[in-house]
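Thanks, everyone. Let me put the model up.

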Amino acid sequence: MMDFIRKASPFGQLAILLGLMSVFFMGYGLIMTGVFPAISGGYTMLQSQDPKVMAVPSVAAALRISQFLYTFTVFLLPGALFALAMERPAHYLGLNRGLPFLQLILSLLVLLCCLQLVGASADWNKMVGLPQSFHDMEKMAEKQAKALLQMPNSWTMIRNLFLMALMPAIAEEVFFRGCLQRVIRKLVRNGWVAVIVTALIFSAIHLQFVTFLPRVVLGFVIGAVFLVTGNLWLSIAAHFLNNGMQVVLFYLYQNKLISKDPAAEEAVPFYLAVLSAVITGLLIWRLAQRARQNGYNWKTAEVEAKN
């Protein structure tokens with residue numbers, strides 16, 4: 001089986017990877033249908049979507065467990081199994097390069113500097129007329145996130161940093177950037193096209209179309225970090241920073257350590273979006289230069305990927 005995956009065509013590998021994800025997704029759904037009532041105090045997963053039910057402590061705890069299992073089962077397991085079929089799994093995923101300090105700082109700056117562009121893209125997304133059902137799904141996701149982000153003390157913040165920031169960063173980067181982006185790059189024979197396509201799939205799989213465009217922008221930026229460095233640790237770090245900032249800001253707000261609600265929406269001026277895009281692009285260019293100085297040339301890697 002492993003030999004079959006390794007020798008498959010790029011299209012075949014794409015089908016296998018997405019097939020693995022689909023199988024694990026169905027398995028997760030079947031298991032949680034039976035397990036969720038047992039760990040939530042008798043509530044079903046459908047009942048847990050009610051905001052009043054979400055507030056029940058046993059249900060909130062069950063939702064955290066189910067979110068962890070979802071991330072682990074649907075993204076990390078299929079990505080890890082797919083990578084294990086390759087001759088050098090760690091090398092294939094880009095986990096063999098460590099964390100060069102300057103590249104790490106540049107990667108985190110890339111993420112921070114793109115946030116104004118992300119915010120502006122959220123405003124642009126609102127201009128698209130979407131069915132009411134999409135808005136209802138988004139509101140439900142927001143209510144669930146707020147229920148899970150209740151953090152009365154520092155321990156609950158640390159727990160959420162692991163469950164809602166670190167674990168998704170690792171699992172999603174292994175699957176989307178480490179595996180999917182690499183396969184698509186071989187298929188389309190262009191690194192930047194692969195970054196865009198992967199970002200689109202990354203956003204679509206979250207099924208939150210009211211915030212589809214900002215997630216595409218984030219996916220593109222994180223994918224660009226991986227493209228120009230070949231280092232998955234750096235994209236994981238950037239992804240963790242994005243998720244972790246939200247967790248910490250919610251904790252600070254709930255405990256009255258800051259006055260600004262992190263969930264409050266603010267319009268981003270167009271000039272700030274343009275400035276954010278320019279600075280982010282320059283930082284990605286500088287990151288590529290630094291990676292080249294450390295022995296990784298993404299253009300050479302692209303030529304190798306075509307052969």
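Helix H9, residues 154-188, packs against helix H12, residues 232-254, at an angle of about 150°, and their axes lie 8 Å apart. H9 is therefore roughly antiparallel to H12. The cut-offs: under 35 degrees is roughly parallel, over 145 roughly antiparallel, 65 to 115 roughly perpendicular, and the rest oblique. Axes are lines fitted to C-alpha atoms, for helices over the stretch in contact, with angles from 0 to 180 degrees between N-to-C directions. Helices are DSSP runs of H or I, at least four residues, numbered from the N terminus.

The H9 and H12 crossing is right-handed. Nonpolar covers Ala, Val, Leu, Ile, Met, Phe, Trp, Tyr, Cys and Pro; charged covers Asp, Glu, Lys and Arg; the others, Gly among them, count as polar.

A word on provenance. This is a predicted model, where local features need pLDDT of at least 70, side-chain atom pairs count only at pLDDT 80 or more, and totals for chains, interfaces and linings use all residues. Residues are numbered from 1 along each chain as its sequence is written, and side-chain values use heavy atoms, with hydrogens and water left out.

Next, H12 again, with another partner. Helix H6, residues 101-113, comes within 9 Å of H12, axis to axis, and crosses at roughly 45°. So H6 is oblique to H12. The crossing is right-handed. Which residues meet here? From H6, we have Gln103, Leu104, Ser107, Leu108, Leu111 and Leu112; from H12, Leu234, Ala237, Ala238, Leu241, Asn242 and Met245. Contact means heavy atoms within 4.5 Å. By class, that is nine nonpolar, three polar and no charged residues.

Now two threonines. Thr73 sits in helix H4, residues 57-84. Is Thr73 buried or exposed? Buried, because its relative accessibility is 15%. Buried means under 20% relative accessible area, exposed over 50%, and partly exposed in between, using a 1.4 Å probe and protein chains only. A polar atom of the Thr73 side chain lies 2.6 Å from the backbone oxygen of Leu69. Beyond neighbours within four places in sequence, Thr73 contacts Phe24, Tyr28 and Pro78.

Gly19 belongs to helix H2, residues 10-40. Gly19 is partly exposed, at 28% relative accessibility.

The other threonine is Thr156, in H9. At 8% relative accessible area, Thr156 is buried. Its side chain has a polar atom 2.6 Å from the backbone oxygen of Asn153. Outside four places in sequence, Thr156 touches Gln150 and Met151.

Last, backbone angles. Most residues other than glycine have a negative phi. Arg189 is not a glycine, yet its phi is positive, about 60°. Arg189 lies in the loop between H9 and helix H10, 191-205. At 45% relative accessibility, Arg189 is partly exposed. Leu207 also shows a positive phi, near 55°. Leu207 is in the loop between H10 and helix H11, 212-229. Leu207 is partly exposed too, with a relative accessible area of 48%.

Terms used:
Left-handed = near helix turned anticlockwise from the far one by under 90°. Polar contact = N/O pair within 3.5 Å; in protein donor to acceptor, adjacent residues only side chain to side chain.
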